Amino acid sequence: MFTSRIAARHAYIIELGHRRLTFYRKVCGEDRLQQIVTTNPPKPILRVVIENVRPEIDGGRFPITRTPGESIVVSADIFADGHDVVDAAVEYRRDSERDWQRAPMELITNDRWEAEFRAGDVGNYFYRLRAWVDGFKTWSRDLAKKADAGQDLSLDVLTGAKFLAAAGKRASAAADANKLNILAGRLGKIAGADAKGAVASSEDEDLIALMALYRDRSADTVYEKELRCRVDRTRARFSAWYEMFPRSCTASAERPGTLRDCAAQVEYVADMGFDVLYLPPIHPIGVTERKGKNNFTTPAGSDPGSPWAIGSKEGGHKAINPELGTLADLKALREKAERHGIELALDIAFQCSPDHPYVKEHREWFRSRPDGSVQYAENPPKKYQDIYPLDFETAHYAELAEELKSVVMFWVAQGIRIFRVDNPHTKPFAFWEWMIGEVNSKHPDVIFLAEAFTRPKVMYQLAKLGFTQSYTYFAWKNTKAELTEYFTEITQPPVSDFFRPNLWPNTPDILNEYLQKGGRPAFMARLVLAATLGANYGIYGPAFELGENKSVREGSEEYLDSEKYQVRVWDRNDPKSLKTLIRRLNAIRRDSVALQSNHTVQFHPVDNPQLIAYSKASEDRGDKILVIVNLDSVNRQMGFVDVVLKEFRLAAGESYEVHDLLTDKKYVWQGSRNYVELNPAVLPAHVFRVEILR
C-alpha cells in the first residue's frame, strides 16, 4: 500500500508539471519559456533524506554539553530512493572557525547511520550532517556483481572512465587531475577486454580516496539545522564539593569565624579529597526582620541572621560582610585553596534583605503590596519577611538585568569561576539564558550549579539554558526502585546530553528522614551512593561527616540549631567522624576513570530489594567498578548479584577477581551469580574493581 501511494504521488507530480508547462506555453510562448528555463534552471534533485537526528535537543533549540575529549556520537536515519550506494558524514567546527572537519558515518542497521568525534577545547561548536548518493561507489559495486556473473562489461567500463574524467576536471591539484585522467584513459582502453583488471582498478583504495575527494557535491543533502555543542571544562563533569559556613570556622560561638579562619580549614577539606569549597553567601546581612535561632521571628541581639538575607548599610551583592573580612581575605583564601588543589565557589542569591541598598536606590525593582510596602518572599504557608524578591517583570527590567550580570562579573574579576545559584527556578528562563550566555561568552570556564529542587521539566529547562550542573532529587530517592528508575533517566540520552547531576545527600535545607532515622550506617550508605552514582557530588559539612541528624521537629527536614541562623561550633576531630571513609572514597574517585563520568551506569539485578548493585566502566573497559550497597541502615542483608557480564566483557562461566577498594579485600567470582552480605553497622557497601583473570 505504501509503495502504491508513492507511485500515485509521483504520477500526480508529473501530471501537475505537464499542466504547468502547457499553461506557460500558452501565456508566454515557446521563446519566452526557453528564456525562463535558461535563466532559472531547475535545482538539483536531492535524493537523500536525513531525519531523526540524535543528539538534537528540542529541535536544535539548545546545545548538547560535553567536556574536552568526551565522545559525541551522532546518529540519524539516512536513506534514498532506489538502490544506489548512499554515503554520509558528520561535519563539525568550532564557532570561531570557518572550515568543517569531517567524521565519516557508518551504516548500523535499517538505514540508521552513526559517526563519532571528540569534543575539543572549551568553547562552542557546531555540527551538521551531510549525505549523498555516490555514483562512483554504485558503479564499482555493480561492476563487480556483473563481473561475477560473467556479463559483458564494455559499456560499464566506459561509464567508469567518464566518472574518473569528470572528477579529474573537478580536481584542484594538478597531480591529482593528471592521475585521474590517466586512470580514465586506461579504463577506456580496457573496455571489456580485461574484466578482472577493470574491477581491480575500481576497488583501488587510492582511487576510491581520490574520487571521494573530488566527487560532485552539487546534489548533497545537508541537514537543515546546524546543531550546537557547548564544551565545558573538565570540572563540569567531575568534581567533589564541600559546603562550609565561614562563620562556623571557630572554637567559640561568641566569636564568629572569619574568612581567615575558613582558610585555616583548607587543609582539613583538602585532606578529605574535595576539589571545590563552596561558601554560602558572604555578603552583609540585613537587620530588619532578621531571623533568630531555628528561624524564630524574634531574634536575640547576638543572632547573626541568615546569610541569604543579603544587604545592609555595609553594602549588597558586591560587598563582603565586614564580620567575615575583606576582599583581600577572600583572595588569600582562594589562593590557599588553589595551592591545595581546591577551587572556591560562591553563592549567587538574587534576593535582598529590607536593608539592601537596592531597596532604597531602586524601589522600582521590587513589587508592592496593596498598602505600599514591599512584597516579601512567601511560599505559603511559609513567610520570609527578611527577604525581598526582585521583580523581573518590572518596566525597568533591562537595568535590573544588567546590574545582576555585573554582580557575577564582579566576582569573576575576583578570580571566582564557580557559582552555586540559589533558587534559579524562581527567576525567568529568559534572564538566565541571557545572563549565562553573556558571562560565558567572555569567560567560558565559568561553572553555574543550579540549586533547583523543583519540577523535572523546570530543572531540565534550566540545564538547557546554560546551567552547567544541577542539584537533583537524589536526597529523596532511597529505595532500590526509586534509585534505579531515576538514575536510568538522568544518565541516559536525551537527558544526559544536556543535564549534569550533582548529588548531595544533605544540604543546610535538607535533612531527610532516611538520615534522621538511620544514624551512622545511613550516612555511610548515602555517601557511597552519592560519590559513585554521580561523577559530581557534594556534602554539607561538617554536619555530614559528624552525622548531624536532629531535626527541628518531627516531620521536618530543617536542622535543629541550623547554621543558617546561628554560629555552630564543630568538633572536626570527633572520632566518630566519617572523614576517613570520605577520604578513601574521594581517593578511589580520583584513581578511577570509570567513576569520573555517568554515561556507563548499569544496574545489575539482586534478589534482595534492600541491596542495590550498579557498575561504571571506562570507555575502553580498562577500568571497571561494581558497587553494591545495603539500603537497610539497621539489618544485615545478603543476596545473590546477577552480574551483567557483557558490561565487563566477561564470558559466561569465566572467573574474575573483585577487589574491594574500601577494605582492600579480594574475592574470586565466577559467572554472573555471586553471593554478597553486608552489615550496615560495619560497612554498608562494597566498591569493587573488577579484574579479569587471564
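**Exercise 1. Helix α6 and its surroundings**

Task: State which helices the buried residues of α6 pack against, then describe how α6 packs with α3.

Solution. The buried residues of α6 pack against α3, α4 (154-170), α5 (174-190) and α7 (205-213). The model is a predicted one.

Step 1. Identify the residues. In α6, the buried ones are Gly197, Ala198, Val199 and Ser202.

Step 2. Take the geometry of one partner. Helix α3 spans residues 135-148 and helix α6 residues 195-202; their axes are 10 Å apart and the packing angle is about 150°.

Step 3. Classify the angle. Angles over 145 degrees count as roughly antiparallel. Helices α3 and α6 are therefore roughly antiparallel to each other. Their crossing is left-handed.

Step 4. List the contact. On the α3 side it is made by Phe136, Trp139, Ser140, Leu143, Ala144 and Ala147, and on the α6 side by Ala198, Val199 and Ser202. By type, the residues of this contact are 7 nonpolar, 2 polar and no charged.

**Exercise 2. Two aromatic pairs**

Task: Classify the pair Phe117 and Tyr127 and the pair Trp241 and Trp504 by the angle between their planes, and place each residue in the chain.

Solution. 

Step 1. The structure holds 37 aromatic pairs. In one of them, Phe117 and Tyr127 have ring centres 6.4 Å apart and planes at 55°, so the pair is tilted.

Step 2. Phe117 sits in strand β7 (residues 112-118) and Tyr127 in strand β8 (residues 123-133), 10 residues apart. Phe117 is buried, at 8% relative accessible area. Tyr127 is also buried, at 1% relative accessibility.

Step 3. For Trp241 and Trp504 the centre-to-centre distance is 6.3 Å and the planes are at 70°, an edge-to-face pair.

Step 4. Trp241 lies in strand β11 (residues 239-243), while Trp504 lies in the loop between β21 (502-503) and α16 (513-533); the pair therefore ties together parts 263 residues apart in sequence. Both Trp241 and Trp504 are buried.

**Exercise 3. The surroundings of His686**

Task: Decide whether His686 is buried or exposed, and list what His686 is in contact with, leaving aside neighbours within four places in sequence.

Solution. 

Step 1. His686 is found in strand β30 (residues 685-692).

Step 2. Buried means under 20% relative accessible area. The value for His686 is 10%, so His686 is buried.

Step 3. With neighbours within four places in sequence left aside, the contacts of His686 are Leu626, Val627, Ile628, Asp660, Glu677 and Leu678.

Step 4. For position relative to α14, take Leu465, one of the residues in the contact of Exercise 2. His686 and Leu465 are 221 residues apart in sequence, and their C-alpha atoms are 38 Å apart in space.

How values were computed: Residues are numbered from 1 along each chain as its sequence is written. This is a predicted model: local features need pLDDT of at least 70, side-chain atom pairs count only at pLDDT 80 or more; totals for chains, interfaces and linings use all residues. Side-chain values use heavy atoms; hydrogens and water are left out. Contact means heavy atoms within 4.5 Å. Helices (H or I, at least four residues) and strands (E, at least two) are DSSP runs, numbered from the N terminus. Rings of Phe, Tyr and Trp (its six-membered ring) pair if their centres lie within 6.5 Å; planes under 30 degrees apart count as stacked, over 60 as edge-to-face and the rest as tilted. Buried means under 20% relative accessible area, exposed over 50%, partly exposed in between (1.4 Å probe, protein chains only). Axes are lines fitted to C-alpha atoms, for helices over the stretch in contact, and angles run from 0 to 180 degrees between N-to-C directions. Angles under 35 degrees count as roughly parallel, over 145 as roughly antiparallel, 65 to 115 as roughly perpendicular and the rest as oblique. A crossing is left-handed if the near helix is turned anticlockwise from the far one by less than a right angle, and right-handed if clockwise. Ala, Val, Leu, Ile, Met, Phe, Trp, Tyr, Cys and Pro count as nonpolar, Asp, Glu, Lys and Arg as charged, and the others, Gly among them, as polar.
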